[in-house]
Amino acid sequence: MDPAAAPLDQVRSLALDLPEAEERVSHGQPTFFVADRMFAQFRHDHHGDGRTIVAVKTADAEEARMLIEAAPDAYSRVAYFRAEWVGLAIGGEDTDWALVGDRLARSWELAAPRRLLEAGGR
């Protein structure tokens with residue numbers, strides 16, 4: 001069995017439960033969009049880094065830096081992404097799926113169009 005299958009299924013379920021979310025492949029990775037704006041990307045052993053993460057947006061580079069400094073085992077910089085993105089480690093037995101769901105939802109909110117947010121968002 002593919003070691004990435006179960007975490008990807010979990011991420012997919014959480015991401016696609018958000019309003020108007022859709023999944024497409026981007027740069028070979030399962031990527032999640034709302035209104036054609038990316039809000040998350042699943043990465044497993046991306047370029048041989050040995051990690052399984054979900055990349056999510058933060059409000060800005062400062063929030064990303066603070067998350068990474070506060071919890072370096074959980075958060076990391078995401079190669080090839082802007083500074084406001086963080087990688088959230090997933091897939092281990094101790095994965096906090098509630099936290100993953102919250103970070104996906106927050107990232108969705110940062111990418112979603114105003115009409116969705118004004119309609120009550122998630």
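Analyst: Helices (H or I, at least four residues) and strands (E, at least two) are DSSP runs, numbered from the N terminus. The model here is predicted: local features need pLDDT of at least 70, side-chain atom pairs count only at pLDDT 80 or more, and totals for chains, interfaces and linings use all residues. Residues are numbered from 1 along each chain as its sequence is written, and side-chain values use heavy atoms, with hydrogens and water left out.

User: How do I read a sheet, and what is the order of the strands in the open sheet of 6 strands?

Analyst: Strands of a sheet pair through backbone hydrogen bonds, either parallel or antiparallel. Two strands count as paired if DSSP finds at least two bridges between them. In this model, 6 strands make an open sheet in the order 1-2-3-4-6-5, and the pairing is antiparallel. Strand 1 and strand 5 (75-76) are at the edges with a single partner strand each, so one side of each has no neighbour in the sheet.

User: Over how many bridges do strand 1 and strand 2 pair?

Analyst: Strand 1 (residues 21-26) pairs with strand 2 over 6 bridges, in the antiparallel sense. Two of the facing positions can be named: P30 is the bridge partner of V25, and Q29 in strand 2 stands opposite S26.

User: Which strand pairs with strand 2 over 4 bridges?

Analyst: That is strand 3 (residues 37-44), again in the antiparallel sense. V34 has R37 of strand 3 opposite it. Strand 2 and strand 3 also form a hairpin with 2 residues between them, and A35 in the turn has a positive phi of about 50°. Elsewhere in the sheet, strand 4 (residues 52-57) and strand 6 (residues 85-89) run antiparallel and are joined by 5 bridges. There, V56 stands opposite V86 in strand 6.

User: Is strand 2 largely enclosed or exposed?

Analyst: Buried means under 20% relative accessible area, exposed over 50%, and partly exposed in between (1.4 Å probe, protein chains only). In strand 2 (residues 29-34), 6 of the 6 residues are buried, so the strand is largely enclosed by the rest of the structure. Q29, T31 and F33 point one way, P30, F32 and V34 point the other way, and all are buried. S26, in strand 1, is buried as well, with a relative accessibility of 18%. Contact means heavy atoms within 4.5 Å. Apart from its neighbours within four places in sequence, S26 is in contact with T31, F33 and Q41.

User: What is the phi of H27?

Analyst: Most residues other than glycine have a negative phi, and most peptide bonds are trans. H27 is not a glycine, yet its phi is positive, about 55°. H27 sits in the loop between strand 1 and strand 2, and is exposed, at 76% relative accessible area. Y80 is another non-glycine residue with a positive phi, near 75°. Y80 belongs to the loop between strand 5 and strand 6 and is exposed, with a relative accessible area of 67%.

User: At what angle do helix 1 and helix 3 pack?

Analyst: Two packed helices are described by the angle between their axes and the distance between the axes. Axes are lines fitted to C-alpha atoms, for helices over the stretch in contact, and angles run from 0 to 180 degrees between N-to-C directions. Helix 1 (residues 5-16) and helix 3 (residues 97-111) have their axes 9 Å apart and pack at an angle of about 45°. That makes helix 1 oblique to helix 3 (under 35 degrees counts as roughly parallel, over 145 as roughly antiparallel, 65 to 115 as roughly perpendicular, and the rest as oblique).

User: Which residues in helix 1 and helix 3 meet?

Analyst: From helix 1, P7, Q10, V11, L14 and A15 meet W97, V100, G101 and L104 of helix 3. The residues of this contact divide into 7 nonpolar, 2 polar and no charged (Ala, Val, Leu, Ile, Met, Phe, Trp, Tyr, Cys and Pro count as nonpolar, Asp, Glu, Lys and Arg as charged, and the others, Gly among them, as polar).

User: What is P7 in contact with, leaving aside its neighbours within four places in sequence?

Analyst: P7, in helix 1, is in contact with F42, T52, I90, G91 and W97. P7 counts as buried, at 7% relative accessibility. P7 and G92 are 85 residues apart in sequence, while their C-alpha atoms are 8.6 Å apart in space.
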